[in-house]
Amino acid sequence: MARAAAASDMAIDIDAIAWQFLGSHYTRREYWDWPLEQRIVAYLRHIGHAELLRNGAAYTTLIERVMDNIARARRDGLLDEIGEGHDQ
């Protein structure tokens, strides 16, 4: 229950961050050898949201949102078939 409450306080931001990650260069081929969690950690530090790393519930929710939306991001063209995000 506490996990859900902590994550719900940041749900809108977490959803936005998940989608931003999916469109980032951290989804490109040069990062394919990195585990998903390592890419998300690097992305959070890159965008200045390292505080999410200290909130276990929010971080877990972010990983879940990313994983839940990979197929949709690919279907919607956010992820290219060759695995490249669209940010510069």
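**Ground rules.** I number residues from 1 along each chain as its sequence is written, and side-chain values use heavy atoms, with hydrogens and water left out. Because the model is predicted, local features need pLDDT of at least 70 and side-chain atom pairs count only at pLDDT 80 or more, while totals for chains, interfaces and linings use all residues.

**Entry: salt bridges.** I looked for salt bridges (a side-chain nitrogen of Lys or Arg within 4 Å of a carboxyl oxygen of Asp or Glu). I found two in the structure.

I started with Arg65 and Asp15. Their side chains meet in a salt bridge at 2.5 Å, N to O. This pair links distant parts of the chain: Arg65 sits in helix H4 (residues 56-75), Asp15 in helix H2 (residues 11-22), and they are 50 residues apart. I took helices from DSSP runs (H or I, at least four residues), numbered from the N terminus.

Next I checked accessibility. Buried means under 20% relative accessible area, exposed over 50%, and partly exposed in between (1.4 Å probe, protein chains only). Arg65 has 25% relative accessibility, so it counts as partly exposed. Asp15 is partly exposed too, at 29%.

Then I turned to Asp76 and Arg72. Their side chains form a salt bridge at 3.3 Å, N to O. Which label does Asp76 get, buried or exposed? Asp76 counts as exposed because its relative accessibility is 53%. Arg72 is partly exposed, at 42%.

**Entry: helix H3.** I listed the buried residues of H3, which covers residues 36-46. They are Leu36, Arg39, Ile40, Val41, Ala42, Tyr43 and Leu44. Just after H3, I noted Gly48 with a positive phi of about 80°.

**Entry: the core.** A nonpolar core is a set of buried Ala, Val, Leu, Ile, Met, Phe, Trp, Tyr and Cys residues joined through side-chain atoms within 4.5 Å. Which members of the largest core touch the most other members? Of its 21 residues, they are Phe21, Ile40, Leu44, Leu62 and Val66. H2, H3 and H4 each supply at least two residues of this core.

I followed up Ile40. I counted contacts (heavy atoms within 4.5 Å). Leaving out residues up to four places away in sequence, Ile40 touches Phe21, Tyr59, Leu62, Ile63 and Val66.

**Entry: Glu64.** I found Glu64 in helix H4. Its relative accessibility is 32%, so Glu64 counts as partly exposed. Glu64 and Ala18 are 46 residues apart in sequence. In space, I read 8.9 Å between Glu64 and Ala18, C-alpha to C-alpha.
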